[in-house]
Amino acid sequence: MNALKWFGDLDKRWLYLLLLLVVVFPLLRPLGIPIDVTASTSQFIAAVDKLAPGDRMLLVFDYSIGGGPDVDPQAQVVLAHALSRGVRVVEVAFVDTGLNYAVKTVELWESKGKVYGTDIICLGYATGVETAISAFAQNISAVFPTDVRGKPIGSYPIMQGLKTAADFKLITEFATGIPGPAEWIRQVVTRFKVPLGCGVVAVMGPQNVPYLQSGQLVGLLGGGLKSAAEYEIAVKMPGAATAAMDAQSLGHLMIVLFVILGNLLFLVERQERRAAKVGGVRA
Amino acid sequence: MVAGKQTTFLFFVLFLATAVYYMTRAKVGKLPAVRRIPGLDAIDEAIGRATELGRPVFYVPGRTEINTAGAAQNIAGLEVLSHVAKLTARYDTELRVAIAAASVYPVAEAIVQQSYLEEGKADKVKPEMVQFLSNEQFAFAAAGLSIMNTERTASVIMIGEFQAESMMLVEGAAQVGAVTISGTARTAQIPFFVAASDYTLIGEEIFAGGAYLSKDPIRIGNLAAQDWGKLVSMAIIIIGSLMVTFGNKSMINWLKK
Amino acid sequence: MNLATAKVWAGALCVFACYSFLWKENRFFRVFQNLYVGLAAGYSLVVNFNNVRRQAWGPLTTKGDIWVIIPMIFGIMLFARLFRKYAWIARYPMAFLMGLGSALSMKAIESDFVRQIQASLISWKGVGLGGTLNNLMLSLGTALALVYFFFTFKPNVVSNAAGRVGRWVLMLCFGAAFGSAVQGRLSLLISQMQFMLKDWLHLIS
Amino acid sequence: MKKEVPIAIGFLTAVLILFEYFFKTAVPAVSKIATDATNWGSIVSAIAMGLAAANLIIIHARRIRQRHPDAWMSWVLYAGILVMLLTGFAKPKTATANIYSFFFDGLYLPLGTAMFSIMVFFIASAARRAFRARNLDAAFLLVPGLLVMLGNAPIGRLISPWFPKASSWFMNYANVAGNRAIMIGAALGMVLTGFRVILGIDRSYFGGE
């Protein structure tokens, strides 16, 4: 009883500190809680596995700064998986800050021995959201006459024969808001029948499940960082997301505990109020 | 007609026609009774509280630009703002309107000016009343938190389209002990509002705000048209599902036309 | 100190500034908040200047597209709001923006109205009892939740009961959405801590 | 003139956009005009950013003039604007670009992610304070909330395989049903709000005479 009251009166800053410690501890000392690969993640992996070496995949960085950390690990592992299978990757962004991530990713893989313009390329960022996506899908070189490094895209081997969205074997898009799966389905999937796989922040996951059910998406990474962790485990490339999962588990437990304790406290207080009322009538 | 939009167009026209019908009825005084919406009733109370405490009312009419698909929600927020600004003018209460979209700024500023003019307090309008904080999501949220804390805001009202910053602002308001009234039609944000604010307008309720508060007959007529729209959609869902259950897909095909 | 290290240290300082707010609203936080607002405004001015240059100035000077003069004049007319006497001039561009935004919002009649109704038409004979209940939830649940939003119809016993159940459906929906949002928000804290422990303190690899 | 012309402008713009939406196949030429109008919208709102920035500068100038205790912070804000404006147009790989990159990557981006990441603490305190089963309605909110939180973390399955299943049921059914109702209702509200603005019934945004 008293412990509950103590919890109820506890300065909220102690809750903050507790949550912070619970998150930091497993990052320093991993616990190794097993991670299950869900069906929608496996579906996404299967779509990438279907690609043959030399096929071209489009990777779209539609994410903002704030939500980026939740989806960036997804994009990184999908890219690593695709490149490891010899797939060639074209990167674009339709959110301005997404370009930052795209450019850094290209530099990372260049340092790992991939050849810019042959294995991987970054075209740049186009403004205009849905109208830009639509224009891009119909005629790539009209929206991006040059790549992010300022050279005509026709001068790169990877771009040979790429005219419309239909020339990609798979499109993967990672989003934190608008544009997201809905815009890509409307503008690209319905018209060009290209398989589309999407990765989104956890908040957007549920609202996009219907697209997976209706077959408009071939894969959905709908759980933010957790989906990235599942992907990393399934393709045996454990990275930042896998390392984060223990912290995720403990953090969830902590918040659930706060809710339960808050409710127990509420019940106790209500009981006491009722008791006090009854006492008052008798007196 | 664009393929796949015929039924949509039919609904669109029918719906506008219903609205016009109720608007003309409303003009001759045949007004439907509107059910109570506690979140909107609480607005007067929230401003009264700010007046008593001598502290400002903090208002946010959504965060998206006026030339995007989120516009209607922001316009709903701006309609409520015009009511709020009239009250703060009447009671000489401080008002802080925080703006996150450049194109909303001139509109909000005009609305506040108009409201003060109507209350005969045009000379009381100050630049601080409508402030553009930032169009960067979390710079806006941080600046909002700073204003709430330094000016000890008594009441916080947020109606319009919001994204992730919503939780930060309502919880920040709770921390300075402000009464919070919030509302949005953006489904991903409603749960945060419900959990952390004192009153929440859910989805369509924000569009009723202007009518409810101004008691303007034309807008109240609009509410009746909205109700018919919902009744029709319910009927289609129930009848259509029954038809599908017995293997008849003609309703679905008709909607797809 | 090279540029990369300087960025990491600056980033860590930002984290301390923001997190200090959790202790108490303070001046350290406010300094960074003002810096952030300044940087954001500057950045946005640069981006928007480039947008105007690309979308309006470019087509005007290189392709001779004279029509783009109209939005440029509209944009300049907005500045009339700074002068009370001429404020009415800003009405013209504002009316244009409001008309445009209203029309774009009205397109929701298809995606959020017709298509959502269409998606709710599903067979109540699902696979097994569970499937039936699921499908009933999807279509009847939606229909009942709509009752909650009735504003002007006279309430009766049936609509009151339906509205009550509808409210429960909405609450279930909000609870589930809140729960899943916790996951995403927690991920952001974790990656922030990964940055602090890895890039700044080099405690993990 | 001061009222009728603006209303006519708004009305015609809206009719153009909606006409294109429903009838572009009948009159293909209208598509280009509608796209142009939408682009004009982004040009006007890009220029509006200048007005918004002017407001920001004016507000802070007033703070400085009124000798507000935090007035010196307004200078920090001005410095932020100035730095971005002076370095934002630099060519890549120059010294100026490095300064820009320091402020953009070293301060602007981290401030965004750091601000966003403190949100979970607000959720934690709301969890204790607000998430209470005060009545039946609140219980309907609480139960799926807890189940989804447990089901969405790897540890949930370790406690019981039932948690992820419950979580996905709530996400795929209850969540979808509620969301759809909100969307349908809100769509009606959006159409009528738009309709009122287009007809010029709501003109509070005119401000003044």
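**Contacts and domains in a predicted model**

Me: How many residues of chain D are in contact with chain C in this predicted model?
Reply: Contact here requires C-beta atoms, placed from the backbone, within 7 Å. On the chain C side, 97 residues take part. On the chain D side, the number is 102.

Me: Which element gives the most residues to the side of chain D that touches chain C?
Reply: The elements of chain D giving two or more residues to this side are α1 (4–23), α2 (29–65), α3 (71–87), α4 (95–117), α5 (119–129), α6 (136–151) and α8 (162–199). The most, 22 residues, come from α8(D).

Me: How many residues on the side of chain D that touches chain C are nonpolar?
Reply: This side also holds 23 polar and 7 charged residues. Its nonpolar residues number 72.

Me: What distance separates the domain centres of chain A?
Reply: Domain 1 of chain A is assigned as 2–30 + 245–282, and domain 2 as 39–238. Taken over C-alpha atoms, their centres are separated by 42 Å.

Me: How many residues of domain 2 of chain B are in contact with domain 1 of chain B?
Reply: Domain 1 of chain B comprises 6–30 + 216–256, and domain 2 comprises 38–214. Their C-alpha centres lie 31 Å apart. Domain 1 of chain B brings 6 residues to the contact, divided into 2 nonpolar, 2 polar and 2 charged. From domain 2 of chain B, the number is 5.

Me: Which element of chain A has the lowest mean pLDDT?
Reply: Chain A as a whole has a mean pLDDT of 88, with 98% of its residues at 70 or more. Among its elements, strand β4 (residues 170–175) has the highest mean, 96. The lowest, 79, belongs to helix α9 (residues 205–213) of chain A.

Key: Residues numbered from 1 in each chain as written. Chains lettered and ligands numbered in written order. Predicted model: local features only at pLDDT ≥ 70, side-chain atom pairs only at ≥ 80, totals over all residues. pLDDT = per-residue confidence, 0-100. Helix = DSSP H or I, 4+ residues; strand = E, 2+ residues; numbered from the N terminus. Contact = placed C-beta atoms within 7 Å. Nonpolar A, V, L, I, M, F, W, Y, C, P; charged D, E, K, R; others polar. Domains from an automatic or database assignment.
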